[in-house]
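This briefing goes through one chain, topic by topic. Please read it with the sequence and the model in view.

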Amino acid sequence: MSYQLSAVVADVELLREQTADLDHGVLAALRQDFALLPVTPQLVEELTGDLPDFAPGEPGPERPFHLVLRPALAELLARWSRRGPVAYLEAGFAGGLGHQAAVVWLGGEVSWGPCFDGALDRPRAEWPINSALARLGVEPGPWIDLFAELGLHLERDTAGWLAHGRRGLTADYWDELAEEWESEQSAADQQPARPGPVGDWGIP
């Protein structure tokens, strides 16, 4: 199963303030009062006045992002970071192979990164996205790492995150659905079956 991520992550109020007047600024809720802003070509054009550039070939240490962070976009995210840390995250996986890359701005300048990892053979806490999230102030919890703690595994691509944001879903949406289903099944199991004709199987 494939996974693709191209997004800005920061405090939800910071992103809400910066994107309030944007036509293409769709915020998706994460845990711990963070939000994700899917980075689409339409958003980049709205923010910078120009269509985005994409690097040819596969990303690597010298060119960590598929999206080229041209000065207009990088300087905009740096300005946002005067209100709090802001991260740009990218990831791509298919068939068990993939990469992560991240950069963090704080106080109007790059404070960490860019960092790229195409092997992901180090401890999970050192992976680029987890490292960036730690610098945003994400707290560890019951999930396996900060990536899962915020809920970044819940959608698998930009289209999914756009739908997540437009529907106003929470990061716990799928957990809530599972709990609701389990509750319904438990209630159904506790109800006595009504007698019925042959072939009815006694299903109430």
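In this predicted model, Ala29 has Ala35 of strand E3 standing opposite. That position belongs to the contact between E2 and E3 (residues 34-38), an antiparallel pairing made over two bridges. The two strands are part of an open, antiparallel sheet of six strands, ordered E2-E3-E1-E4-E5-E6.

**Sheet edges and the helix on the sheet**

- Strand E2 (28-29) and strand E6 (109-117) are the edge strands; each has a single partner strand, so one side of each lacks a neighbour in the sheet.
- Helix H4 (residues 128-136) packs on the sheet, where it touches strand E1 (3-11), E3, strand E4 (86-94), strand E5 (97-106) and E6.
- The direction of H4 makes about 20° with that of E5.

**Strand E4 and its partners**

- E4 pairs with E1 in the antiparallel sense, over eight bridges.
- Within this pairing, Gln4 has Gly92 in E4 as its bridge partner.
- E4 is also joined to E5 by nine bridges, and these two strands run antiparallel.
- Here Tyr88 has Val103 in E5 as its bridge partner.
- E4 and E5 form a hairpin with two residues between them.
- Gly95, in the turn of that hairpin, has a positive phi of about 60°.
- Seven of the nine residues of E4 are buried, which leaves the strand mostly covered.

**Aromatic pairs**

- The count of aromatic pairs comes to two.
- One of them is formed by Phe65 and Tyr88, with 5.1 Å from centre to centre and 65° between the planes.
- This pair is edge-to-face, because planes over 60 degrees apart are classed that way.
- The pair links distant parts of the chain, 23 residues apart: Phe65 lies in the loop between helix H2 (41-48) and helix H3 (71-80), and Tyr88 lies in strand E4.
- Phe65 has a relative accessible area of 6% and is therefore buried, the cut-off being under 20%.
- Tyr88 also counts as buried, at 1% relative accessibility.

**Helix H1**

- Asp11 caps the N-terminal end of H1, with a side-chain oxygen 2.9 Å from the backbone nitrogen of Glu13.
- In helix H1 (residues 12-19), the buried residues are Val12, Leu14, Leu15 and Thr19.
- These residues lie on the same side of H1, because they cover an arc of only 160° around the axis.
- In an α-helix, residues three or four places apart point the same way, because there are 3.6 residues a turn.
- The elements against which the buried residues of H1 pack are E1, E3, H3 and E4.

**The chain as a whole**

- The chain holds seven helices and six strands.
- Along the sequence, these elements follow the pattern β-α-β-β-α-α-β-β-β-α-α-α-α.
- Of the 204 residues in the chain, 43% are buried.
- When contacts between residues at least 6 apart in sequence are taken, 51% of them join residues at least 24 apart.

Terms used. Residues numbered from 1 in each chain as written. Predicted model: local features only at pLDDT ≥ 70, side-chain atom pairs only at ≥ 80, totals over all residues. Heavy atoms only, no water. Pairing = 2+ DSSP bridges. Helix = DSSP H or I, 4+ residues; strand = E, 2+ residues; numbered from the N terminus. Contact = heavy atoms within 4.5 Å. Axes fitted to C-alpha atoms, helices over the stretch in contact; angles between N-to-C directions. Phe/Tyr/Trp six-rings, centres within 6.5 Å; stacked < 30°, edge-to-face > 60°. Buried < 20%, exposed > 50% of the residue type's maximum accessible area, 1.4 Å probe, protein only. Arc of directions from axis to C-beta. Polar contact = N/O pair within 3.5 Å; in protein donor to acceptor, adjacent residues only side chain to side chain.
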